[in-house]
Amino acid sequence: MQPFCALDIETANQANTGICQIGIAYFHNGSVADTWSQLLNPGCEFARSNIRVHGITGEMTRDMPMLADVHGELKSWLDDQIVVSHTFFDKRVLSDSIARLDCPPLRTTWLDSCQIARFSWRRERKGESFSLKALADWLGISFRHHDALEDAIVAGKITVSACAHADISLDDWIARSANDLSR
């Protein structure tokens with residue numbers, strides 16, 4: 001399997017205007033080869049409902065860097081890479097947040113591990129949830145849900161398992177996505 005990065009983001013509020021944690025797992029030959037995780041000061045207020053989900057508070061992020069401060073680090077991890085996230089929520093939030101900073105966009109090819117799983121296990125999981133947690137439980141993957149790094153690792157593992165099950169490569173998924181978008 002070709003190398004790729006799996007990414008997950010946690011946000012400070014329901015408007016998704018502030019990223020408070022990013023996790024990236026680099027996969028090589030189908031296994032985690034390297035990781036990066038960073039708490040961020042989102043520059044906005046935290047919603048109690050988001051804190052209940054991920055446990056990250058304003059106090060924990062007060063002295064952390066802001067997204068603009070780690071933009072170069074993100075580019076070094078993600079530029080010219082295949083980037084997988086579980087749904088395109090993370091892609092949208094990250095792209096929108098970077099655009100608001102007036103920073104150069106990331107040059108990535110995005111894939112959705114949820115779509116890959118739906119295609120690969122459509123028969124085995126008919127009528128069942130394809131959420132990150134449901135798939136992790138089904139595959140026997142233990143993790144601390146809503147920690148960005150752990151969620152990123154799980155999204156990557158789901159991608160590896162689903163591609164192996166369907167006997168399809170990431171390049172095939174990229175071509176399939178391009179064909180779906182051109183219709």
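## Packing of α3 and α4

Residues L67, A68, H71, L74 and L78 of helix α3 meet L94, S97, I98 and L101 of helix α4, where contact means heavy atoms within 4.5 Å, and helices (H or I, at least four residues) and strands (E, at least two) are DSSP runs numbered from the N terminus. By class, this contact of α3 with α4 has seven nonpolar, two polar and no charged residues; Ala, Val, Leu, Ile, Met, Phe, Trp, Tyr, Cys and Pro count as nonpolar, Asp, Glu, Lys and Arg as charged, and the others, Gly among them, as polar.

Helix α3 (residues 67-78) and helix α4 (residues 89-101) pack at an angle of about 125 degrees, and their axes lie 11 Å apart, the axes being lines fitted to C-alpha atoms, for helices over the stretch in contact, with angles that run from 0 to 180 degrees between N-to-C directions. That angle makes α3 oblique to α4, since angles under 35 degrees count as roughly parallel, over 145 as roughly antiparallel, 65 to 115 as roughly perpendicular and the rest as oblique.

## Basis of the model

This is a predicted model, in which local features need pLDDT of at least 70 and side-chain atom pairs count only at pLDDT 80 or more, while totals for chains, interfaces and linings use all residues. Residues are numbered from 1 along each chain as its sequence is written, and side-chain values use heavy atoms, with hydrogens and water left out.

## The sheet

An open sheet of five strands runs in the order β3-β2-β1-β4-β5, with mixed pairing; two strands pair if DSSP finds at least two bridges between them. Its edge strands are β3 (31-39) and β5 (108-112), each of which pairs on one side only, and the twist averages 25 degrees from one strand to the next.

Strand β1 (residues 4-11) pairs with strand β4 (residues 81-85) in the parallel sense over two bridges, and V84 in β4 is the bridge partner of A6. Helix α5 packs on the sheet, touching β4 and β5, and its direction makes about 45 degrees with that of β5.

## Packing of α5 and α7

Helix α5 (residues 113-120) also packs with helix α7 (residues 148-166), at an angle of about 30 degrees and with axes 9 Å apart, which makes α5 roughly parallel to α7. The contact is made by S113, I116, A117, F119 and S120 of α5 and by A155, I158, T159, A162, C163, H165 and A166 of α7; these residues divide into eight nonpolar, four polar and no charged.
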